[in-house]
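Subject: Structure for your review

Dear colleague,

Please find below the structure that I am handing over to you. My notes on the salt bridges follow it.

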Amino acid sequence: MPPKAKITRDMVIDAAFEVARKTGVENINARTVSQRLNCSTQPVMYHFATIEELKKAAYGKTGEYHTEYLMNISETQEGVMLGIGLNYIRFAVEEPNLFCFLFQSGFAVENNLLEMIDSEELTPVISAMQEEMNMNIEQTKKVFITLALFVHGYASIIANNSLEYDESLVATHLKRVYTGAILAIQEEAK
C-alpha cells in the first residue's frame, strides 16, 4: 500500500484560494477546502486552527496574485499608468470573486486608502508610476490616490454586475483622470 500524499500548508492555502476564486470567500470552510484537496478535513484543520486563519492566508495569496496581475502590462497599452489602471478594472471583470475578497470582504489589514498607499504590496505599482511620471514619491502618491479612487469605483461597479465592461470607454475615462491628476500636481508644484 503506497503512503498517503502529505497535504502541506501551501496546498491548503492554494485550495482555499481556488474556493474563493470559484465560489467566493464565504464558501471557504474545512469541507470545501478538503474536497478540493481530495482529503479529509483533518489536514486542513491541522495546518489552521481556525477557518478565519485560513481565510487570512488565502487573502495574502490573493493579494500577491493581484499585484502580479496588475504589473503584467501588455506591450500594446499606452504606458504604465494606463496599463495598471486597466488591469485593475480587468481584474474585477475576470476575477470578480477575488476582487470582492480583496476589497469588499473586510480582510484588508489597512483601514483606508491613505494607509494602503504606504503598504509593501503597493511598492512595485508606486515605483513603476513614479518612474513613468518622473515625479517625486509624494507627488506620485497623490496621483495614485486619484487614480485608485477612480479605478476602484469602476471596478466595484463592474464586479457587482452593475455595469458592462467597455475597455475603450474605460481607457478614455482613465486617460482623462490621470492626465488631470498629473496637471493638478504640476500646478501645485509651481
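E18 and R36 form a salt bridge in this predicted model, and their closest N and O atoms are 3.8 Å apart. E18 belongs to helix α1 and R36 to helix α2 (residues 30-37), so this pair ties together parts that lie 18 residues apart in sequence. R36 counts as partly exposed, at 45% relative accessibility.

E18 also meets R21 in a salt bridge between their side chains, with an N to O distance of 3.4 Å. Both residues sit in helix α1 (residues 9-23), where a spacing of 3 residues separates them by about one helical turn. E18 has a relative accessible area of 19% and is therefore buried, because buried means under 20%. R21, with 23%, is partly exposed.

Another salt bridge joins K142 and E188, whose closest N and O atoms are 3.4 Å apart. This pair links distant parts of the chain, since K142 is in helix α9 (residues 137-159) and E188 is in helix α10 (residues 167-189), 46 residues apart. K142 is partly exposed, with a relative accessible area of 46%, whereas E188 is exposed, with 53%.

In total, the structure holds 7 salt bridges, including those described above.

Yours sincerely

Terms used:
Residues numbered from 1 in each chain as written. Predicted model: local features only at pLDDT ≥ 70, side-chain atom pairs only at ≥ 80, totals over all residues. Heavy atoms only, no water. Salt bridge = Lys/Arg side-chain N within 4 Å of Asp/Glu carboxyl O. Helix = DSSP H or I, 4+ residues; strand = E, 2+ residues; numbered from the N terminus. Buried < 20%, exposed > 50% of the residue type's maximum accessible area, 1.4 Å probe, protein only.
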